[in-house]
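This report describes the overall build of one protein, a pocket in its surface and several individual residues. The sequence and the structure are shown first.

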Amino acid sequence: MTAPTQEELEALDAYSRTVVGVAERVGPSVANLRVMRRTRAGNMPVGAGSGVVLTPDGFLLTSAHVVAGRRRRGRAQFTDGRDFGFEVVGSDPLSDLAVLRADGADLEAAHLGEADDLRVGQLVVAIGNPHGFAGSVTAGVVSALGRSLPARSGQAVRVIDNLIQTDASLNPGNSGGALVNSSGHVVGVNTAVAGVGLGLAVPINPATRKIIGSLMSEGRVRRAYLGVAGGVRPLPPQAAAEWGSGTCVEVVEVVEGSPADSAGLRPEDLLVELDGQRVSDVGDLQRMMVAELIGARVQAAVIRAGRTLRLELVPVELVTG
């Protein structure tokens, strides 16, 4: 075995300095969460995870599955030894994000970055606090972007899209911790271990910032609901001449009594446009289901038996309980 060259030593040293710098900068903003449930016998421990400080006055971001269940509260412990009680402000299982409020002040808020700027192969650092004082730091690279993970809340099922896949190991209790870029900006919230040497994180981007803002201000996320299940399929040649080449969503099922049912959508209809926006896949349809569409009259363009039809829908609010 040959000794490493000076150039290799310098590169390794630079890598180490980057990881150490990120850990020192962001570590104080990551809390160990001990989740409790109130019972007749008192508060009982039901889980643990990590959380990231959003604001100095006590708002924390974590994974929804870390604090899943009713009447959850607990303790947030930081690397400087401070320990505060927290309550759940709002939780959104369909994005696996939750916002907590700790009863402390002068917390060190993390700087939120932009996951849409990430590139495959880029260095990232996973920072959690599964055991309290020490914290946990692992480093790796972005293995892939645009991964997806199914999520459920009550009868509602949704796909969490644009997940970040990384080979930075996620230790037990790291769910809800920070995925950080080399600049020390939080670009994701570690959400699941998908396999050996494989981790996933919910991205910090405009869509999730909006979710976080809704959880902080309203304690919930409102989404529109149409009542269709479908899958992606290529546009038929005749439709492609009108709409351009690409894909659309084929309606597989229409929920009885839903807005889609009332509007006259049928199985085998091809949904190509909604509210003036092109629909290429189920992810497009999910992203359009924002609160502003609830109760609004929107037009859908569907292809049925080779003809384009225009149908008017009035989405209702998605019930997730």
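A residue is called buried when its relative accessible area is under 20% and exposed when the value is over 50%, with partly exposed residues in between. In this predicted model, 45% of the 321 residues count as buried.

**Overall build**

The secondary structure consists of five helices and 21 strands. Along the principal axes, the C-alpha atoms fill a box of roughly 65 × 65 × 30 Å. When contacts between residues at least 6 apart in sequence are considered, 61% of them join residues at least 24 apart. The protein exposes about 15,700 Å², and carbon and sulfur atoms supply 51% of this area.

Four elements each supply at least two lining residues: the strands β10 (156–166) and β13 (198–203), and the helices α2 (206–218) and α5 (282–288). The largest share, seven residues, comes from α2.

V180 is placed in strand β11 (residues 178–181). Its relative accessible area is 0%, a value under 20%, and V180 therefore counts as buried. Leaving aside residues up to four places away in sequence, V180 touches V22, V26, L123, V124, V125, I127, H185, V186 and V187. The C-alpha atom of V180 is separated by 31 Å from that of T320, which lies 140 residues apart from it along the chain.

D92 is found in strand β5 (residues 83–92). With a relative accessible area of 4%, this aspartate is buried. Beyond residues up to four places away in sequence, D92 touches A64, L97, I211, L215, V221 and R223.

P206 belongs to helix α2. In P206 the relative accessible area is 53%, which is over 50%, so this proline counts as exposed. Apart from residues up to four places away in sequence, P206 touches E114 and D116. P206 and T18 are 188 residues apart along the chain, and their C-alpha atoms are separated by 27 Å.

Which residues other than glycine have a positive phi? D106 is one of them, with phi near 55 degrees. E268 also has a positive phi, of about 80 degrees, although it is not a glycine. D106 lies in the loop between β6 (97–102) and β7 (111–112), while E268 is placed in the loop between α4 (259–263) and β17 (270–274). D106 is exposed, with a relative accessible area of 70%, and E268, at 63%, is exposed as well.

**Accessibility of the residues discussed**

The table lists the relative accessible area of each residue described above.

| Residue | Relative accessible area | Class |
|---|---|---|
| V180 | 0% | buried |
| D92 | 4% | buried |
| P206 | 53% | exposed |
| E268 | 63% | exposed |
| D106 | 70% | exposed |

Note on methods: Residues are numbered from 1 along each chain as its sequence is written. This is a predicted model: local features need pLDDT of at least 70, side-chain atom pairs count only at pLDDT 80 or more; totals for chains, interfaces and linings use all residues. Side-chain values use heavy atoms; hydrogens and water are left out. Buried means under 20% relative accessible area, exposed over 50%, partly exposed in between (1.4 Å probe, protein chains only). Contact means heavy atoms within 4.5 Å. Accessible areas come from the Shrake-Rupley method with a 1.4 Å probe; for residues, only the protein chains shown count as cover.
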